[in-house]
Every structure is written in C-alpha cells, then in structure tokens.
Amino acid sequence: MKKNHNPYYPDRKWLMPLAVFCLLLLIFLLIVTSGHPKSSPDANFSHGATRFVDSNGNEGLGLGLPPLPRFAYLISGTKGDGGSIRRLLQAAYHPRNYYLLHLDLEASDSERLELAKYVKSESVLREFRNVMVVGKANLITDKGPTMIASTLQAIAILLKRAKDWDWFINLSASDYPLLPQDDLLHVFSYLPRDLNFVEHTSNLGWKEDLGAKTIIIDPALYHTKKSGVFWAKERRSIPSSFKLFTGSSLVVLTKPFLEFCIWGWDNLPRTLLMYYTNFLSSPEGYFHTIICNHKDYQNTTINQDLHYMKWDNPPNQHPINLTSEHFIDMVQSGLPFAQSFAENSSVLNRIDEELLKRSSGQFTPGAWCVRSPVSEKGPCVAYGSSSAVKPTSSSKRLEKILVKLLDHENFRPRQCR
C-alpha cells in the first residue's frame, strides 16, 4: 500500500547525507586550523589608503581594518657606530614604536653622550618620548654569551618601560630597513600576534663540533677590557634533556614568548641560559632552542629572520657588505631589512631616496609626519596621529613573501625540524 505524502512531514532521506557532509566539513576545518596559525593574513591588504587608529585601537578611516601593532626595537653597536645608529633610528622611526639604543662599553663615553644628547634634543623624539639610550653600557665579546645577556637586559627594560608592544626586533648598526615603518605596521596588522620569526634548524653542521661540544669562556664576564673568547681543553657531549637548534641571531619575537624567557615560570629558559654561558655564538641558538623545546611555542615559528643577506663564500659564516650591485635583488626579495652595510655606503643613499623617500638627516616620512606643501623632503612641520599609517607600494612585496611563508606547504613543514 502506498504511503500518503504529508506536506508537513516531508521525506527526510536527505538528512543523513547532509549530516555526513557537515561532519566531514568540521573534521576538515579542525585539520586545517591545527596546522596553521590561529588566524591568517587577509588577502586584501588595502594598499594606499591612510589608516587612522585612536588610542584604543579603533579604526577611523578604513573601518573594519585590523588594529595596528607596535614594535620594540633594540639597536646596538660598538665603538664608532654612533653615527650609524642615529641614521638607522631616523630610517626605522615611527612614533608608534619603541626604540632602545645601546653602544657597548668599547665605545667612548663621549660617543654615548653624543647619542643621548641627540635623542634629548631632537624635537620629534621629545614629542613622542619613545626612544631610550642605555646609560650603563655592557661589555660585549663577539661570539660570547655576553651578547645574549645584553639582549635579555634590553628586553627586560622594554618590558618594564614600554608595556604595550607586540613584537621585539633586534638590529645592529650595520642593518638598514628596506621599506617605511608604515608598510611594516600595516602588513603586520594582518598577522596573528603569536607568530615568531626565527630562522632555525636542528642540523648543527660545523656548530656541533665547534659549538655544542666545545667549552668557551667569555672574558667580558670577569674583566672590563674587550678580548676574544677563551677555549677550554675539555669537551662535552650533546645534551639529552633538550634538543639543540641553531640559526640567525636576528629575530622578530613576540612579547608573550619573551615574557616567558625573562620571567621563566618554566625552568627551561634558565637551564638553557646556564648551558649557553659556555657556548660559542649563543645568540644563534638560545631563543631557537627555547622556542623549539616548549610545546606552547614550537608551533608559532616562521623559519625566516626577515633580513636580506649575502654570505661570504666560502665558508658562509659572515654576511658581506652590500653594495649598489645588490640593490635590485634587495628590493625584489620583499624583505623589510638588510645586513650588512659599511658606514655611509652609497647604497644607503639609494635606499633612502628610492625606497624610504627620506632626505639626509630627516626621518622616513609617514602618515604621522605632516610636511610642508612647499617641500615634501623637509622636516615635519606638524605631527599627525601616531597611530596613522599610509602604506606604499613596498608593502605589496612584503605581503607577497609573508603569504608565501604562511602557505600550508611552507609553514608547518619548516617548524622546529
């Protein structure tokens, strides 16, 4: 007997396929999100439009755009680097960020005082009060643990004096930006705030024999005069309680991760700090080993230090000084920084003119700096919002490389391997 069709109780055979489809979709989404950051950059980066953000992070013009981040910079140098640090500060400056300048103990007191006087006298820096100079300098030995000790001190200062930043960036006097800070702030606003940019690998190579198995003594821990590290006759085995990682000493690290390193509610940061006290080139392994040995952070890494470099060949241990012949390659790389440059190299003038639109002795222009209608290359005649950015075409190149790094084929397979 044929059943009557009731319009109020329709046939429900389609419910089972729908339920199976929804279940499969849920499983797919869980798999995808577990293999990627908590969020991903939007494909539409809204290039060219000026963005204004109030003190609470709310967007004005350009409603719906993500809030802008803040960067905390450590810019460090040694004897004779005062002029380079000043120029780098002008090139990488934005009133939204924080800057800590450190000339080590090998620099003269007069050079350090000259840098401090510039920070105190420059009208822009007086207005925004976001630049600090380390007064009591540290003695730092190349390749010694005093380098990482100085970096940790700088991070502690920034955590205490500047409480609302998102990423820490360490630069040396031989570094230089390849794009305005407006571009960097704009593009990074689309990134998850838990991503750490740290080039790393567990393949130690020559560093296994000359780094992990050797014991060095840094004389700067005991003396006030700079000299090279001492090599002990004794050797040690590779540790078994944690896995060693190595990579670039240049990093872009998140505030939560660095709070973990400084405050150390887990004992791992302190244990590794003691281990790396006798390790050659500790800045090339300390943060890398912490982040890759802790479950809360090992899936937050992007295996890139965001610096353009050319290495000596052989043995590929030191970056060569970049010149004008590298300019096109630098631009096409899309990376926001480059290393290393000789002081007052002619290629820096080209970067200023073509990429940063910066005049000599002036800050890199941005939406925060209102210039004279007569001369767009002069100093700021008025200050706009410190939370305003106007991206340039350079942001598209940075966006391209970051989207590539976050692609599922590159992101997860290159993490802590």
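Let me begin with K295, which is exposed, with a relative accessible area of 64%; exposed denotes over 50% relative accessible area, buried under 20%, and partly exposed in between (1.4 Å probe, protein chains only). This residue forms a salt bridge with D296, the closest N and O atoms being 3.3 Å apart, where a salt bridge is a side-chain nitrogen of Lys or Arg within 4 Å of a carboxyl oxygen of Asp or Glu. At 45% relative accessibility, D296 counts as partly exposed.

A word on provenance. The model is predicted, so local features need pLDDT of at least 70 and side-chain atom pairs count only at pLDDT 80 or more, whereas totals for chains, interfaces and linings use all residues. Residues are numbered from 1 along each chain as its sequence is written, and side-chain values use heavy atoms, with hydrogens and water left out.

I return to the salt bridges, of which a search of the whole structure finds 11. One of them joins R70 to D164, with the closest N and O atoms 3.4 Å apart. R70 lies in the loop between β1 (51-52) and β2 (71-77), and D164 in the loop between α5 (146-161) and β5 (167-172), so the pair ties together parts that are 94 residues apart in sequence. Helices (H or I, at least four residues) and strands (E, at least two) are DSSP runs, numbered from the N terminus. R70 counts as buried at 17% relative accessibility, while D164, at 39%, is partly exposed.

Next, helix α12. Which residues of α12 (residues 346-356) are buried? They are V347, L348, I351, D352, L355 and L356. These cover an arc of only 150 degrees around the axis, which puts them on the same side of α12; the arc is that of the directions from the helix axis to the C-beta atoms. They pack against α2 (82-92), β6 (175-177), α11 (327-333) and α13 (394-406), contact meaning heavy atoms within 4.5 Å. The side chains of E354 and R350 also meet in a salt bridge, at 2.9 Å from N to O; being 4 residues apart in α12, they are separated by about one helical turn. D352 is linked with R87 and R358 in a network of salt bridges.

Finally, the nonpolar cores: sets of buried Ala, Val, Leu, Ile, Met, Phe, Trp, Tyr and Cys residues joined through side-chain atoms within 4.5 Å. The largest has 62 residues, and those with the most contacts inside it are Y93, F188, M330, I351 and L402. Apart from it lies another core, of 39 residues, among them A72, L152, F245 and Y297.
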